[in-house]
Amino acid sequence: RLEEAHGAGRDNEDVVVPTSGGRYDVHLKKRQRVAVYWEEEVSEVRRCTWFYKGDKDNKYIPYSETFSEELEEAYMVAVTLDEWKKRLESPSREIIILHNPKLMVHYHPVATSDDWGSTPTEQGRPRTVKRGVENIAAEIPNGEPLQIDHLVFVVHGIGPACDIRFRSIVQCVNDFRNVSLSMLQAHFKKAQEQQQIGRVEFLPVNWHSSLHSTGVDVDLERITLPSINRLRHFINDTILDVFFYNSSTYCQTIVDTVASEMNRLHQLFLQRNPLFKGGVSIAGHSLGSLILFDLLTNQKAAPEEEEEERGGGGTRTASSQGGLEEVKEILRKLELSEYHDAFEREKMDRQALFLCTEKNLKEMGIPLGPRMKILHYISSEREMQVCLLHGLCSSSRNCQYRDVGLGQVSANYPQLNYKPTIFFAFGSPIGMFLTVRGVKRINPNYSLPTCKGFFNIFHPFDPVAYRIEPMIVPDQEFEPMLLPHHKGRKRMHLELKEGLTRMSVDLKNNLLGSLRVAWQSFTRAPLPAVEAASADADAEAEVGTEKQPDPKPEEAPAPVKEETSFINVGRLNGGNRIDYVLQEKPIESFNEYLFALQGHLCYWESEDTVLLVLKEIYQTQGITLDQPLPGS
C-alpha cells in the first residue's frame, strides 16, 4: 500500500496510509510511522532500493533514500553507457565501486578523514552491495487479513515489564497476535479458505504509566533507603502495584484508567473500522485479571436482564398494564401504595422505574422520605447480582452482603461502553484475593452481570495463579481441565508419567492382593488331612474371588476423569468448565522451582493458550477447529 501511494506520485501530499493491520499510520511525506492505539516513539519509514551486507551481517541493510537515488543514477549511467568501475563516496566518506551489474562492493574505511586532509583508504574486507529486493532472503510480511472478526483488550499485571525479557505490554501482545495468526492458519484453514473468518485483533491496555505519573514515585523515592538500590527500585516499580490496588486512593486511579482506556480504544477502533460487526472480549494477566474481574462484578446489567438472571419463574410481562402492576407491587412492599396514582399517571412501568433518578421522583411530587426508599430499593436490586457472589449470601431482599461484603476496595467502578463476550484470565490470583477478602465460596447461580464467559488459564508451576472452581464446588475434589497440545496430542513426558503411575498402581494392587491371600492362609484354622483337597479348591476359589475385584479399582479412575469434564461448576462460565491448566514442557518438569517465574510469564507465546482463546471466540460464531483436539 505504501508503494502504491508512492507510485501514484502522492509523496508531496500529506497522505496517511494505515499499516500493520491498522495499528500504525504512515505519513508518507514525512516518512514517519505513528502508533494509533498507544504511545510510542515515532519511527522512520524508508523506501529501500539499495542494500549492503558485510561478512558478519546476517541481513541486508538499506542505504538512505537520498544516497540510494545517487547509486541508482550512477548505475543507470553505467548501464546505458556501459562504463563501469564507477566510484562513489557515501555520506560517511565510505567508498562504493560498481565493477559490473553483478559485482558492486562497499569498502569500509580503516581511517577517517582528519584535519590533515587524510582520506579513507579502500583497505578492509569489502561489503556486498545489492540493487533491489529480489533474491534477498528476508522475511517480508505479507500483511494481515483485512477482515477483523473479534476485538480483545489485554490488560497487563504488575510493573512495566510483562515477560522474562523485560518487554512492554505492547511487545508481548504483538507476540500473542502473531501466534494467533499462525494458529488460525494451522487450525482454521478451511474457514479461511471459505472466507468465513479473517482474524482476531488484540490491543494492549496500559495502566502502569498512568499510576506512576501521579507523583507517587517521587514520594516513594524520599522514603526509600539508599542500600540495595536496584532491588528497592524494582520493588517500588513492580511489587508495590499490588498494594496500590488495595489502596482506595490509587485503586480508583487504576480502575478509572483501565475502564477509560478500554472505552477510548473501543471508540477509536470503531471509528477506524466502521464495518466491524464482531464482539469484544477482554483478557488480563496476573493483577490485570483481578482488576477486570472487579470491574465486571460491578457492571450494571439492564433491568430486564436482571429479571432474567433471577429466573423469576417466567418471562417479564411485556404489556404496559403488567408493568404498572409490577410497580404497584413494589410500592406495596415499600409501604408506599398511596403514591401509586402518581406513577400510574406518568405511565411508569418497572423498567422506567429503574431508570428514575432522584430528580425525576422529585418532579413527580414524591416527598424526600419515599424518594429515599425507592432509590434504595433500585440500588439494592441492581446490586443483587454482585451480592450473589458471596457463598453465604441468599437471594433474599434483606441480604447483608453487598459490594463491601465482597471486601473490594471502596471505589466508584466505571461502566464499560460494551458487554464483553468472554473474560480470559492468565496466571490469575482472583481466587486468592477473593479468599483473603472473606469470600469462602461463590454461589453456583452467580454470573458476571454483563459477561457470560469466564476462563481461568494457568501454568501448573505458576506461583501467582489460583483456581476458581473449588470455590464454587467445595465439596468435590477434581482436577482442572488439561489444555490439549496445539499439535493434537499430550506431551510425551506426561504420557510416560501417566503410564508409570498406572504401572505402579497395578503393581501395588497386585502386591496387596498377594499379601492379603498369604495372610488369610496363615490365619485360617488347620484342617484334617481328609479335607485337604477340598480346602485347596476352596482356597483357589477364594483367591479367584479376591483377585477379581482388584481390576475394578484400577479401572475406576478412568471414568472419573471423563466425568470431571461434565461436572457442574455453576453459571460463572455458562455451566462450562472454568479452570484450564497448560501442559508443562519436558525441561520444566525437572525442577518446578527453577521454572516458576517462567511459568508466570509464559502465556504471551503459548500456542496452547492462544488456541483456546481463538477456539472459544470463534465458537460463539458457530465456527469450529478443522479437527477437534483430543481432550478438548
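Both faces of strand 12 are covered, with Arg199, Glu201, Leu203 and Val205 buried on one side and Val200, Phe202 and Pro204 buried on the other. Buried here means under 20% relative accessible area, exposed means over 50%, and partly exposed lies in between (1.4 Å probe, protein chains only). The model is a predicted one: local features need pLDDT of at least 70, side-chain atom pairs count only at pLDDT 80 or more, and totals for chains, interfaces and linings use all residues. Residues are numbered from 1 along each chain as its sequence is written, and side-chain values use heavy atoms, with hydrogens and water left out.

Strand 12 covers residues 199-205, and seven of its seven residues are buried, so the strand is largely enclosed by the rest of the structure. Helices (H or I, at least four residues) and strands (E, at least two) are DSSP runs, numbered from the N terminus. In a regular strand the side chains alternate between the two faces of the sheet. Strand 12 pairs with strand 11 (residues 148-155) in the parallel sense, over seven bridges. Two strands count as paired if DSSP finds at least two bridges between them. Arg199 of strand 12 stands opposite Ile148. Val205 is also touched by Glu261, a residue of helix 9 (residues 248-272). Contact means heavy atoms within 4.5 Å. Tyr37 is another contact of Glu261, with residues up to four places away in sequence not counted. At 18% relative accessibility, Glu261 counts as buried.

Strands 5 and 10 run antiparallel and are joined by four bridges. Lys53 has Thr128 in strand 10 as its bridge partner. The other sheet has four strands in the order 1-2-3-4, and the pairing is antiparallel. Strand 1 (16-19) and strand 4 (43-44) stand at its edges with a single partner strand each, so one side of each is left without a neighbour in the sheet. Strand 3 (residues 32-35) pairs with strand 4 over two bridges. Gln32 stands opposite Glu44 there.

The 17 residues of helix 2 (residues 65-81) should span 24 Å at 1.5 Å a residue, and the end C-alpha atoms are 24 Å apart, which agrees. The expected span is 1.5 Å times one less than the number of residues. Phe67, Ser68, Leu71, Ala74, Tyr75 and Ala78 are the buried residues of helix 2. Seen down the helix axis, they fall within an arc of 130 degrees, so they line one face. The arc is that of the directions from the helix axis to the C-beta atoms. Thr66, Glu69, Glu73, Thr80 and Leu81 are exposed on the face turned away from the buried side. Asp82 follows helix 2 and has a positive phi, near 55 degrees.

His459 sits in the loop between strand 15 (453-458) and helix 19 (469-472). At 3% relative accessibility, His459 counts as buried. Its side chain reaches the backbone nitrogen of Phe461 at 3.0 Å. A polar contact is a pair of N or O atoms within 3.5 Å; within protein, one must be able to donate a hydrogen and the other to accept it, and residues adjacent in sequence count only if both atoms are side-chain atoms.
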